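Please keep the model open while reading.

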Amino acid sequence: MSDTDIALSDQMDAQRHAAMDAGMTAAGVSLTEKHAADYFGFDESHRLMLDDGLSWIDHKTLNEGARRQYLNAVNRDVTIKKSSGDAVMRIATGDEKASLLKAAVVGWNLTRSGQPVQFNTTNLTEFLMKAPPTVVDEIHKAIVKANPWLTSEVTIEDIDKEIAELQEARAAKILELEGKAGS
């Protein structure tokens, strides 16, 4: 078939579809059909490629059940002292991050000493203990992005504080790099 024949065939198909659409519209038949959403089948996963371009982490957007499990895992006990009325709350942000990663990471392509590492809970826990913090932070950031409810309570002040901390870290890094360049 020549390019001209293909173009002619495509044009005829388009005309045929347009004629069918016009006929259906004239007969009162809707061209689009609405379907009820399946709220029980929520399963959305994402792949984060790591810096080497070969390794990746699969993580999911948490559904309500997984979100509840995560929130229950990081629930903080509050103790109120009767004598003073002071409230004491244990905060372990590292444990919160690990709990979120354990709830959201669902697979990977990682190796150790050149051998593939099977994804399972034990290996995930070991990975979270031994991986470079920058890699864990990158995974955490991707998971938070996929689960916007995690930042729903963040205030503008919190964001401004984080921006200020990042600007300080940037300034320190620039000074560090300038010092290396001058050596």
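**Contacts, sheet and pocket**

Among contacts in the chain (heavy atoms within 4.5 Å) between residues at least 6 apart in sequence, 50% join residues at least 24 apart. The model is predicted: local features need pLDDT of at least 70, side-chain atom pairs count only at pLDDT 80 or more, and totals for chains, interfaces and linings use all residues. Residues are numbered from 1 along each chain as its sequence is written, and side-chain values use heavy atoms, with hydrogens and water left out.

The chain has 183 residues, of which 19% count as buried, meaning under 20% relative accessible area with a 1.4 Å probe and protein chains only. It holds 6 helices and 6 strands; these are DSSP runs numbered from the N terminus, helices being H or I of at least four residues and strands E of at least two. Along the sequence they follow the pattern α-β-β-α-β-β-α-β-β-α-α-α.

An open sheet is formed by 4 strands in the order β1-β2-β5-β6, with antiparallel pairing; two strands pair if DSSP finds at least two bridges between them. Its edge strands, β1 (44-49) and β6 (115-117), each pair on one side only. On average, neighbouring strands of this sheet are turned by 20 degrees against each other, direction ignored. The axes are lines fitted to C-alpha atoms, for helices over the stretch in contact, and angles run from 0 to 180 degrees between N-to-C directions.

Between β1 and β2 there are 6 bridges, and E44 has T61 in β2 as its bridge partner. The hairpin of these two strands has 6 residues between them, and there G53 takes a positive phi near 80 degrees. On to the next pair: β2 (residues 56-61) is joined to β5 (residues 105-112) by 4 bridges, and I57 stands opposite W108 in β5.

Helix α4 (residues 121-130) lies across β2, β5 and β6 and runs at about 70 degrees to β5.

A pocket is an open set of points on a 1 Å grid over the protein atoms alone, where a 1.4 Å probe fits, with protein on both sides within 12 Å along at least five of seven lines; lining residues have an atom within 4 Å of a point. Of its 17 lining residues, L110, T111, R112, F127 and A131 are the closest to its centre. At least two lining residues come from each of β5, α4 and α5 (133-146).

Terms used:
Buried < 20%, exposed > 50% of the residue type's maximum accessible area, 1.4 Å probe, protein only.
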